Amino acid sequence: MDLSTPLAALGPVFRMKRSALSKIGLETVEDLLLYTPFRYDNNLIVSKIGPTQPGETVTIQGNVIKTSNVFTKKKLTIQRIIIEDETGSIEAVFFNQRFLLKNVHEGDFVSFAGRIDRFGNKKTIAVRSYEVLKSENSEAIHTIGLVPIYSEKNGLTSKWFRNRIKPLIDNLHVTDYLPESIIHENQLMSLSAAISSIHFPKTLTDAERARLRFSFDELLIRNAAASIRKKKLLEKERAVPFEVKKNKPKIQKFIKSLPFELTSAQRKAIDDIFSDLSKDTPMNRLLEGDVGSGKTVVASVAAYLAYLNGFQVAFMAPTEILANQHFLTLSKFLEPQGLKIELLTGSSKKKDKGSKIKEKNQPPTPKRQFDIAVGTHALIHKRAEFEKMGLVIIDEQQRFGVEQRAILKEKGTNPHLLSMTATPIPRTIFLTIYADLALSVLDELPVGRKRVKTWLTPEEKRENGYKWIAEKVKGEKSQVFIVCPFIEPSETLSTVKAAKEEFEKLQKEVFPDLNLGLLHGKMKAAEKDEVIKNFREGKVDILVATPVIEVGIDIPTADIIVIEAADRFGLAQLHQLRGRVGRGDKESYCLLFSDSKSDTTRERLTYLQTISDGAKLAEIDLKLRGPGDMFGTAQHGAPDLRIASLTDLTTVEAAAKAAEKILPQLDHYLDLKERIEQADIPKVSKD
């Protein structure tokens, strides 16, 4: 048996649970050993029975001298077990656990962890956990020491995990794959000691040191894999370089034709992109910028350069709303320059027969009919055919799987890749997850954009808030977003407002004389388009929506946004939602409502009142809530790290430094090399 041994090979107990284990990604011995506890029950106080006092939480051990079932009038059962040691006896009480007396019998030696109470003149123990031991010298793993508690799923309990993991640790010989020099320089535990200490630590310090070792390994491997990807890109892949200098006059003329002045950050990003595009290695750059910072304009300039060099462009967005928005923007900017732009989404209709975007089995035509294809996942299917793709642009790139990006790139011969995101990515995440990307940041808002005034609004001011909104709509032609976390009411979260229910209530009771619209993710594309069109044309005063508006809706006349249950969103996501307003020349406002009574939660939300920098909010969010909440949901970009915390900048930087040091010597450490190479293999995306 070694770390790579399949769990199913370890016997019938594992084979019976194969499906349950597989559902949480546990296939091998290593997978199971890296399924680490999320906390530990403290059972460090072990006492003889005689000295125990009511109110103490202790572990006691002794021989069972009597067991009984007591049936109450309310059809409840009480299990009583009396145990004794050389100092005295005590009665353990359990409720409605009839199976218990099939496991515990008179004469057994048991270990009970729980709270000492007094019932009349007798001491009792309310048992939290128990185990039957073979003898007084047997090791207790459920009731003594720091007892690991695991995430319990699919019928797999913490007790089941402890019973399986302890024998594995006792019988496993582990060879460390990290070089001794790296372990020594970073004061890390050995791999064997870390495996034992993460599950059954003697002290909390041991547990933390073990977690540090696994975090370091995970970050080192991810960073090294990203560095190898970057090296492969530079050494092996070749792209056709774009001619920049010759086309500079046309580019400058195009930029002058835009109805606004570019910011210095946009000009810097364009220079970075042009520098990449002029090389024969494929560009792999991430363009990061707040909502409204002008990423699409920068992408338009890059697309225009591709066109001037005779190449087609694929422009991919995660949602139909965003794809439509980009299609309109690119058409406005680039059609006057002679470019032909096509839209391809899941619901878009078949284009004319001469189009190069065609249904399956439609015969190709020699004449190219589009310069830019804008679309959603439809772009990666076979019906999106390209004659000469030279540039791929992907918006909200963390929402696409590695495999999807790879398929799209394969439609050209090593095309250049420009990714874009409005999600501010903290430096720790960029260093770890996106280390193979070059980065350009748009940290300026376009001239004329005003900061959105943000208020954390207490529930008692809701009615006045609604009156103020009605006055703004009637008096100043304001347009309003009201964002709810869910579409339908939730049984488990009955106090959280849902879009459909809130829409009906607001229309009937609060704003009966205003025009309200409803927008959510389950609506058909045509219905969404109609609602957005009506809102854009001013036929809808208030749009009640789910966070589907987070990306892709550009309504310059919208100047108020209300976010319900704001505590359910990360700061970065709230910042993106807030970016839906303030896109015109009017003063804009964001009202945050929250029922949370937690001082910590309210303190977190107040950051939005004083900070308008998305990057700063992302860093705060990462420290307070973690990467999953920062990105909104796990499937939308939260890095799939098992143990490492991206808030631990010291470990992130130490692992990156170690990865840089070890890469030139990797052939001497084949186990580590294999792990890094496996981490570099794209996983099948479920996006």
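This is a predicted model: local features need pLDDT of at least 70, side-chain atom pairs count only at pLDDT 80 or more; totals for chains, interfaces and linings use all residues.
The expected span of a helix is 1.5 Å times one less than its number of residues. Helices (H or I, at least four residues) and strands (E, at least two) are DSSP runs, numbered from the N terminus.

Residues are numbered from 1 along each chain as its sequence is written, and side-chain values use heavy atoms, with hydrogens and water left out.

The predictor's confidence in each residue, from 0 to 100, is called pLDDT. Its mean over the protein is 84, and 86% of the residues reach 70 or more. Over residues 627–639 the pLDDT is below 50, and this stretch has 33 contacts in the model beyond near neighbours in sequence; contact means heavy atoms within 4.5 Å. Residues 490–496 also have pLDDT under 50, with seven contacts beyond four places in sequence.

Now for the whole protein. It holds 23 helices and 20 strands. Of its 687 residues, 53% count as buried, where buried means under 20% relative accessible area, exposed over 50%, and partly exposed in between (1.4 Å probe, protein chains only). Among contacts between residues at least 6 apart in sequence, 72% join residues at least 24 apart. The accessible surface comes to about 33,000 Å², and 51% of it belongs to carbon and sulfur atoms; these areas come from the Shrake-Rupley method with a 1.4 Å probe, and for residues only the protein chains shown count as cover.

Back in helix H12, the buried residues are Ile-321, Leu-322, Ala-323, Gln-325, His-326, Thr-329, Leu-330, Ser-331, Phe-333 and Leu-334.

Helix H15, residues 462–476, passes the length check too: its 15 residues should span 21 Å at 1.5 Å a residue, and the end C-alpha atoms are 20 Å apart, which agrees. Which residues of H15 are buried? They are Arg-462, Gly-465, Tyr-466, Ile-469, Ala-470, Lys-472 and Val-473. These residues cover an arc of only 160° around the axis, so they lie on the same side of H15; the arc is that of the directions from the helix axis to the C-beta atoms. An α-helix has 3.6 residues a turn, so residues three or four places apart point the same way. On the other side of H15, Glu-463, Asn-464, Glu-471 and Gly-475 are exposed. The buried residues of H15 pack against strands E16 (479–483), E18 (542–545), E19 (558–563) and E20 (589–593), as well as helix H16 (499–510). After H15 comes Lys-477, with a positive phi near 60°.

Some single residues also deserve a visit. Glu-91 lies in strand E4, residues 88–95, and counts as buried because its relative accessibility is 9%. Setting aside residues up to four places away in sequence, Glu-91 touches Arg-80, Ile-81, Ile-82, Lys-122, Lys-123, Thr-124 and Ile-125. With Thr-124, the separation is 33 residues in sequence and 4.8 Å in space, C-alpha to C-alpha.

Asp-217 sits in helix H8, residues 204–235. Is Asp-217 buried or exposed? With a relative accessible area of 3%, Asp-217 is buried. Beyond four places in sequence, Asp-217 touches Tyr-177, Leu-178 and Leu-191.

Arg-578, found in helix H18 (residues 571–578), is likewise buried, at 4% relative accessible area. Its contacts beyond four places in sequence include Val-452, Ile-561 and Cys-590.

Finally, turn to two loops. Gln-187 is in the loop between helix H6 (180–185) and helix H7 (191–199); this residue is not a glycine, yet has a positive phi of about 50°. Its relative accessibility is 67%, so Gln-187 counts as exposed. Ala-565, in the loop between E19 and H18, has a positive phi near 50°. At 12% relative accessibility, Ala-565 counts as buried.
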